[in-house]
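Some notes on the strand pairing follow. Please read them with the structure open.

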Amino acid sequence: MQPSAAPFDERLTAPRSWWFIAFGVGIACALMLLPLGVLPMLGGLAGGTAAAAVAVSSYGSARIRVVSGALVAGDARIPLSALGDAEALDGAEARAWRSYKADARAFMVLRSYIPTAVRVKVTDPADPTPYVYLSTREPQALVAALAAVSAPDRPTV
């Protein structure tokens with residue numbers, strides 16, 4: 001494997017049904033402008049659909065990557081040296097960690113429409129964040145990538 005290649009790279013895209021909702025927003029805008037005529041109605045359809053599509057696309061643009069000695073999740077770049085063990089969470093455990101087990105200090109890249117997740121402990125004593133919670137469709141692959149990249153850095157006992 002190339003050293004610059006990312007062992008894990010995932011984009012948390014929005015579900016397909018959200019794109020239909022975006023089109024529905026465009027239809028609603030068109031219906032609001034219908035009394036003004038056909039051209040304003042078509043403008044409302046195009047503008048409303050475009051605005052809703054931009055909102056859906058920007059929400060679904062979060063990426064999770066393991067690259068260059070860091071975990072990149074959304075806008076955060078966390079050095080792997082500050083991270084501990086990673087745990088893959090199934091649907092029930094992921095739901096628990098984003099609700100009643102959640103810590104308000106945790107960093108979360110949370111997408112509720114993705115049922116599985118990974119929880120990574122933060123070991124940096126200067127950082128008050130106890131763990132990083134990452135929604136992912138491939139939790140085992142993310143855990144394996146974190147283990148593969150951070151294994152050479154860990155001291156052997």
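1. Four strands form an open sheet in the order E5-E7-E8-E6, and their pairing is mixed. Strands here are DSSP runs of E, at least two residues long, numbered from the N terminus, and two strands pair if DSSP finds at least two bridges between them. Strand E5 (83-89) and strand E6 (107-109) are at the edges; each has a single partner strand, so one side of each lacks a neighbour in the sheet. From one strand to the next the twist averages 15 degrees, taken between axes that are lines fitted to C-alpha atoms, with angles running from 0 to 180 degrees between N-to-C directions.

2. The model is predicted: local features need pLDDT of at least 70 and side-chain atom pairs count only at pLDDT 80 or more, while totals for chains, interfaces and linings use all residues. Residues are numbered from 1 along each chain as its sequence is written, and side-chain values use heavy atoms, with hydrogens and water left out.

3. Within the sheet, five bridges link strand E7 (residues 117-122) with strand E8 (residues 131-135) in the antiparallel sense. Arg119 has Tyr133 of E8 opposite.

4. Strand E2 (residues 63-67) runs antiparallel to strand E1 (residues 8-11), with four bridges between them. E2 is also joined to strand E3 (residues 70-73) by four bridges, again antiparallel.

5. Which residue takes a positive phi in the hairpin of E2 and E3? The residue is Ser68, with phi near 50 degrees; two residues lie between the strands of this hairpin.
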